[in-house]
2 protein chains.
Amino acid sequence: MISSSKAASVAAVDWGTTRMRVWLLDGAGKVLAERRGDDGLITAQAKGFSSILEGHLAALGAPEALPVIICGMAGSRQGWLEAPYVSVPAPIGAILAGAARIPGQRRDIRIVPGLAQRLADAPDVMRGEETQLAGAGLPAKGRHLVCMPGTHSKWVLVEDGSVAGFGTWPTGELFSVLAAHSILRHSLGEPPKPVAAENPFFREWCLKALAEGGDIGSRLFSIRAASLLQDLKPEDAAACLSGLLIGGEIASANRRYGAVPVVLIASGALGKLYADALGLAGLAVRVVDADEAVRAGLAEAARENGMIAGNGVAA
Amino acid sequence: MISSSKAASVAAVDWGTTRMRVWLLDGAGKVLAERRGDDGLITAQAKGFSSILEGHLAALGAPEALPVIICGMAGSRQGWLEAPYVSVPAPIGAILAGAARIPGQRRDIRIVPGLAQRLADAPDVMRGEETQLAGAGLPAKGRHLVCMPGTHSKWVLVEDGSVAGFGTWPTGELFSVLAAHSILRHSLGEPPKPVAAENPFFREWCLKALAEGGDIGSRLFSIRAASLLQDLKPEDAAACLSGLLIGGEIASANRRYGAVPVVLIASGALGKLYADALGLAGLAVRVVDADEAVRAGLAEAARENGMIAGNGVAA
């Protein structure tokens, strides 16, 4: 790792609310080394952003002058430095330029702008997903609907390479606050086990939510009642809640954007749940790996901001 | 209070999850004395149900042999004694009989049964609201839709004096867990100020939710975005969330039960919010005071279980 790190051209950082990932990339965007940590925004607010970042870079053997490109909540108002928002509609290629430089650092450290939708009736913001989007390799032409699931799932309508608009469904956060703090905690187990897409309750409750146009409120308490009256097991109760919330998100996004094919930018178990749920909704799905997309987007951001040479999008 | 308490025929207790209320009633159901406390189910699990109840009764000067009739979560699986559920459909008059007697007490202490809806696709339960319903003075004939708002709002369809079915919308709980534990806490203030029905944001967001058939997930994050992009004030953000959730509940219940006149059993500020929201939905509303309804229902339960004499429903 130490020897390969000498060939690094940039450190790429995805710095979210609860976790962070750091990669050393070469000039072509290839991964030379990686670290993952639980020291997201919340931890960094207490410990200091600079010392956390330098700790990870030192562990990776990064040279002292290696530049760093960051996306995510580190650029929010509660973050290291509030990076400006780019207002939509905006060409995807133009979003990554204009990264905000952190002052007073020996390195060149910059944070990618977020996106803002300044509509009176549908204000919205994102931080981090714009970089995934830019690295997803979307075709330059045509109309594409992109789903990026997570704590705050983002759905983005892309038209001829421009972000036309987007919306947020806080599905992951609803799951976690209801599982930890509502009466459903008595039904789901504390903490709930991970939900498997193969669980028939996931499928059944996803279909219920899809049939009801995104109305989730009428079904939430049924999970508690099914525990009391039907001996619903905790792992199945968690599958019910996950299916209800993900199905509800998809039904709601369908109502807003129409039932069009979806580019799903996701990884791992969450990606499987969404791919299955989109299939249940009868939507065609193309899956792009979220980790690869954010790395490619960060490499592109480093190029756009003149931190490394080259033009091509990383593989 | 001590002198009037000697005329008491029964102590009536509404024992919920977070608070309890105790009234001494005469044989006609008239209130002689009242106490309110924060020692609901959660506190009682730790301190003991008997000692909390006896403490309130002693403070009210209740005679040692005074019988006690209880409704609410004290009768749940996590409560003092699990009172059985009556399965719906069931005549309202038949629900209150068969209260479960607490063993090993010097007094005659009984807990009113809850209601269970044992439908495979829509299981549901209630504890406490069945007593409000029985005390609401509904006409013996006709079809009535009853809304009892709260932590877990209940909507009940009553046909010719029988509970035909019911549903739960956990609107109050969604508000409190989102306000305390989600990203919205940064927007609403910690804790949020009480929401006034006169706040134009309450009205506006209620109308949005009513127009979207109960889909609340698509709008939740907009409240956060409006704080960041439009300087939405904390008290207005709380009004947005309240309007969204209450409007969503009404839209969802409308889809299930049809847009029929509503009997709203509620009190105070929450009753005002629901009355206004039901009006925005274009529904005719008749308001019944929730405190009076639960007292009348408890007096009726005491009579039905032979704890006091008489037949009439208390005024």
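Me: How many salt bridges does the rule find across the interface of chain B and chain A?
Reply: This is a predicted model, and the rule finds six salt bridges across the interface of chain B and chain A. One of them joins the side chains of B:Lys208 and A:Asp121, with 3.0 Å from N to O.

Me: Why can such side chains pair?
Reply: Side chains of opposite charge can pair when their charged atoms come close.

Me: And how many residue pairs are in polar contact across that interface?
Reply: The rule finds 19 residue pairs in polar contact between chain B and chain A, counting pairs with both residues at pLDDT 80 or more.

Me: Which elements of chain B supply residues to the side that touches chain A?
Reply: At least two residues each come from the strands β9 (114-117), β10 (124-126) and β13 (162-169), and from the helices α6 (171-181), α9 (217-230) and α10 (234-257) of chain B. The largest share is that of α9(B), which gives 12 residues.

Me: What kinds of residues are on that side of chain B?
Reply: The side of chain B that touches chain A has 19 nonpolar, 13 polar and 13 charged residues.

Me: How many residues are in contact, and what area is buried?
Reply: In chain B, 45 residues are in contact with 45 residues of chain A. The two chains bury about 3800 Å² between them, and 58% of that is on carbon and sulfur atoms. B:Pro123, B:Phe221 and B:Leu229 supply 16% of the area that chain B buries against chain A, more than any other three residues.

Me: Let us take one chain alone. How many helices and strands are in chain A?
Reply: Chain A has 12 helices and 15 strands. Its radius of gyration is 20 Å, close to the 20 Å that the globule rule gives for 315 residues, so chain A is as compact as a globular protein of that length. Along the principal axes, the C-alpha atoms of chain A fill a box of roughly 65 × 40 × 35 Å.

Me: Back to salt bridges. How many are there over all chains?
Reply: A search of the whole structure finds 41. Among them is the pair of A:Glu54 and A:Arg107, whose side chains meet at 2.9 Å, N to O. This pair links distant parts of the chain, 53 residues apart: A:Glu54 is in helix α3 (residues 49-59) of chain A, and A:Arg107 is in the loop between β7 (100-101) and β8 (109-111) of chain A.

Me: What about the backbone: which residues does a cis peptide bond join in chain A?
Reply: A cis peptide bond joins A:Val88 and A:Pro89, with omega about 0°. A:Pro89 is in the loop between β5 (85-87) and β6 (90-91) of chain A. In chain B, the peptide bond from B:Val88 to B:Pro89 is also cis, with omega near 0°.

Key:
Residues are numbered from 1 along each chain as its sequence is written. Chains are lettered from A and ligands numbered from 1 in the order in which they are written. This is a predicted model: local features need pLDDT of at least 70, side-chain atom pairs count only at pLDDT 80 or more; totals for chains, interfaces and linings use all residues. Side-chain values use heavy atoms; hydrogens and water are left out. Contact means heavy atoms within 4.5 Å. Buried area is the accessible area (1.4 Å probe) that two parts lose on being put together, summed over both. A salt bridge is a side-chain nitrogen of Lys or Arg within 4 Å of a carboxyl oxygen of Asp or Glu. A polar contact is a pair of N or O atoms within 3.5 Å; within protein, one must be able to donate a hydrogen and the other to accept it, and residues adjacent in sequence count only if both atoms are side-chain atoms. Helices (H or I, at least four residues) and strands (E, at least two) are DSSP runs, numbered from the N terminus. Ala, Val, Leu, Ile, Met, Phe, Trp, Tyr, Cys and Pro count as nonpolar, Asp, Glu, Lys and Arg as charged, and the others, Gly among them, as polar. The radius of gyration is taken over C-alpha atoms; the globule rule is 2.2 Å times the number of residues to the power 0.38.
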